[in-house]
Amino acid sequence: MAAGAVDTALVARPETATATRSARTTGVVLSAWAGVIVAAHVLLERLQAMGANIRIQAAPLVGTFDLRVSGRVVVAVVLGVVIALAGPRLADLCGWRALLLSSAVGAALWAISLALVDGVQGLTSPLEARTEYLADVAKVGSPLTFLSTFVDRIADYHVHVQGHPPGMVLLLSAMERVGLGGSAWAAALCIGGGVAAVPAVLAAVRDVAGEEMARRAAPFLVLTPAAIWIATSADAFFLGVGAWAVALVVLATGRTDPSADAYALAGGVLFGVAAFLSYGLVLLAIVPAVVAWRRRRPRPIAVAAMGAAPVFLAFVAAGFSWVAGLLATRERYYVGVGGRRPYLDFLVADVACLAIAIGPAVVVALARLRDRWMWLLAGGTLMAVAAAMISGMSKGEVERIWLPFAIWLFPAGAVLGVGRRRGASAWLGLQAATAIAVATIVKTSW
């Protein structure tokens, strides 16, 4: 053998071995992703076969198994293919502001296309269910009376209002008073909130890990399985508020000029608002706290707390205590379905729902992620999700609840197909296929 051939072989072997290990690891991760979903399905089906009234008909997701394939699916398929193929290239070529705008628009179109699998009514009918917020808007009346009696009257409201602070139903009531009532405007609010989260996350990723990483992450924030619940769930609106709260405080930690306090204060106000939309959103504070710790910038956290405080005080002055509301919700939860759902079985189910929402590509990306700055965002998010799961207050029905958390895991997709747009496109295609499969096989409740 010639010396050159020997040298080439010696160089090629390590590369081949690395590629083999990577493929093997990817196979293991994808198997684990599918395995946890199957395990959750088996566990919950077993419970229902034993007569447990856990109310999860398409385990681990809420809904029913109902294959719906029609011409309407073509819109989602075409859009998924276009974003998967063109997304990585456009993310490289666009100006930064154009990227933020196009990513938000792309996310909106993708969410709407998935909702339209069930026709135009797919955008509004989930919000019209008797368990949803709109069903209780008529009960608000005087906002001050509503807030001051909310805890005492919590049993009089429907499930979603019982399970959350009064902020969302109060907002929908205010919208109705100014002529923006009904499910169509509520759907617009949800979609708007969901897609507004995309530029917030991109701005935070750029600040923490650099613009190149943010650009590579952009298509993975657009083409997500989680978009199934963005057009039809109030948690999508929570997603937008929570994302900007986190992003503004993260941006504050990267600055030392007067703008740092302004960012932190604004982020704190949004954290205060988020706390009165969903009790669990307070856990998102872990994400900027981790970034602040790594950057040794505790001041923005303190300023953010100052921004949140007036929101809490305003609700107290109106007669609603956040802590009292949380305790009342916890009591109602365990009197109802929460008391019938076994803790350990639903820990597995909660993981499975998160796996479906973020998709197989992002799970592989998290396994490959080595960038320590990106891990500040992903690691903080996983800590928050773990706290929510361990609390026992999130047992099932979490595919929508995970939306404000899952958004911070999608940027990990930036590590897929590095240096090869085709590689990124293939993973994006897998994400799109997962979303379309779930949207057409499961008729979800949201």
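Mentor: Before we start, contact here means heavy atoms within 4.5 Å. This is a predicted model, where local features need pLDDT of at least 70, side-chain atom pairs count only at pLDDT 80 or more, and totals for chains, interfaces and linings use all residues. Residues are numbered from 1 along each chain as its sequence is written, and side-chain values use heavy atoms, with hydrogens and water left out.

Trainee: Which residues is Ser113 in contact with, leaving aside its neighbours within four places in sequence?

Mentor: Ser113 sits in helix α3, residues 96-115; helices are DSSP runs of H or I, at least four residues, numbered from the N terminus. With the sequence neighbours within four places set aside, the contacts of Ser113 are Val75, Ala76 and Leu79.

Trainee: Is Ser113 buried or exposed?

Mentor: Buried means under 20% relative accessible area and exposed over 50%, partly exposed in between, with a 1.4 Å probe and protein chains only. Ser113 has 1% relative accessibility, so it counts as buried.

Trainee: Which backbone oxygen lies 2.8 Å from a polar atom of the Ser113 side chain?

Mentor: We're looking at a polar atom of the side chain of Ser113. The backbone oxygen at 2.8 Å from that atom belongs to Trp110.

Trainee: What percentage of the residues in the protein chain is buried?

Mentor: Let's zoom out to the whole chain. It has 18 helices and two strands, strands being E runs of at least two residues. Of its 446 residues, the buried share is 53%.

Notes: A polar contact is a pair of N or O atoms within 3.5 Å; within protein, one must be able to donate a hydrogen and the other to accept it, and residues adjacent in sequence count only if both atoms are side-chain atoms.
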